[in-house]
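Here are my notes for someone opening this structure for the first time. Have a look at it, then read the points in order.

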Amino acid sequence: MVTVEPATPADADAVADLWVELARDQRRHGTRLQADANRETVRRSLAEHAADGGLVVARGDGIVGFVRFAVEHGPLVQDGTRGIVRDLYVRPSWRDEGVGTRLLDAAESTLADRGVDIVAIEALAPNDDAIRFYESRGYRPHRIEFEREVENDKRPRGDR
């Protein structure tokens with residue numbers, strides 16, 4: 001039995017542990033984020049999102065998944081208001097049970113209540129499972145980001 005509910009700032013520590021799992025897993029898809037080095041920064045952000053109503057958790061045997069989201073704010077005027085899903089993660093042992101769907105439903109509903117017209121979510125290009133899930137929910141590619149390594153004298157010699 002899983003319940004999906006808004007997180008509290010007190011949940012931030014446990015959710016930060018899940019974020020570390022997410023970041024470690026994303027290394028196989030090419031992320032450059034360092035899981036452990038960013039844990040405290042992410043924990044603070046999670047606590048802020050929880051206080052703002054932008055963090056929802058799935059509780060089963062402890063917290064088994066989460067979604068972090070916000071209304072996009074920036075200096076440029078756009079045709080509509082965008083919501084951003086920053087993270088969506090479900091522990092592997094809880095996948096394929098509808099937990100991710102329920103978390104994303106909660107985020108989309110909250111964002112719609114806040115006046116959002118469109119929701120954006122990212123997936124690393126090699127993450128076929130995430131891409132399939134988002135496409136099954138009606139998400140379509142909007143922007144493609146390209147990367148290229150460049151020579152850099154500031155990188156330690158072993159990293160070149």
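1. A word on burial before we start: a residue is buried at under 20% relative accessible area, exposed at over 50%, and partly exposed in between, using a 1.4 Å probe and protein chains only. By that rule Gln26 is buried, because its relative accessible area is 14%. Gln26 sits in helix α1 (residues 12-26). Helices here are DSSP runs of H or I with at least four residues, strands are runs of E with at least two, and both are numbered from the N terminus. Contact means heavy atoms within 4.5 Å. Beyond its neighbours within four places in sequence, Gln26 is in contact with Thr31, Leu124 and Asn127.

2. Some housekeeping: this is a predicted model, where local features need pLDDT of at least 70 and side-chain atom pairs count only at pLDDT 80 or more, while totals for chains, interfaces and linings use all residues. Residues are numbered from 1 along each chain as its sequence is written, and side-chain values use heavy atoms, with hydrogens and water left out.

3. Now find strand β4 (residues 82-90). The rest of the structure largely encloses β4, because 8 of its 9 residues are buried. For strands, pairing requires at least two bridges found by DSSP. With strand β3 (residues 62-71), β4 pairs in the antiparallel sense over 7 bridges, and Gly65 stands opposite Val90 of β4. With strand β5 (residues 118-121), β4 runs parallel, joined by 4 bridges.

4. In the loop between β4 and α3 you'll find Asp96. Most residues other than glycine have a negative phi. Asp96 has a positive phi of about 65° although it is not a glycine. Asp96 counts as exposed because its relative accessibility is 85%.

5. On to the inside. A nonpolar core is a set of buried Ala, Val, Leu, Ile, Met, Phe, Trp, Tyr and Cys residues joined through side-chain atoms within 4.5 Å. The largest one has 23 residues, and the members touching the most others are Val67, Phe69, Val85, Leu88 and Leu103. Two or more residues each come from β2 (55-60), β3, β4, α3, β5 and α4 (128-136). Helix α3 gives the largest share, 6 residues. Another core lies apart from it, with 19 residues, including Leu18, Val20, Ala35 and Phe66.

6. Leu103 deserves a click. Not counting residues up to four places away in sequence, Leu103 touches Val4, Val56, Val57, Ala58, Gly65, Phe66, Val67, Leu88, Tyr89 and Val90.

7. The buried residues of α2 are Arg39, Val42, Ser45, Leu46, Ala47, His49 and Ala50, and they pack against α1, β2, β3 and β4. Just after α2, Gly53 takes a positive phi of about 80°.

8. Also in α2 is Arg43, which is partly exposed because its relative accessibility is 24%. Leaving out residues up to four places away in sequence, Arg43 touches Ala12, Asp13 and Ala16.

9. Last, the rings. Rings of Phe, Tyr and Trp (its six-membered ring) pair if their centres lie within 6.5 Å; planes under 30 degrees apart count as stacked, over 60 as edge-to-face and the rest as tilted. That gives 2 aromatic pairs. Phe133 and Tyr134 have ring centres 5.6 Å apart and planes at 55°, so this pair is tilted. Tyr134 and Tyr139 are edge-to-face, at 6.2 Å centre to centre with 65° between the planes. Phe133, Tyr134 and Tyr139 form one aromatic cluster.
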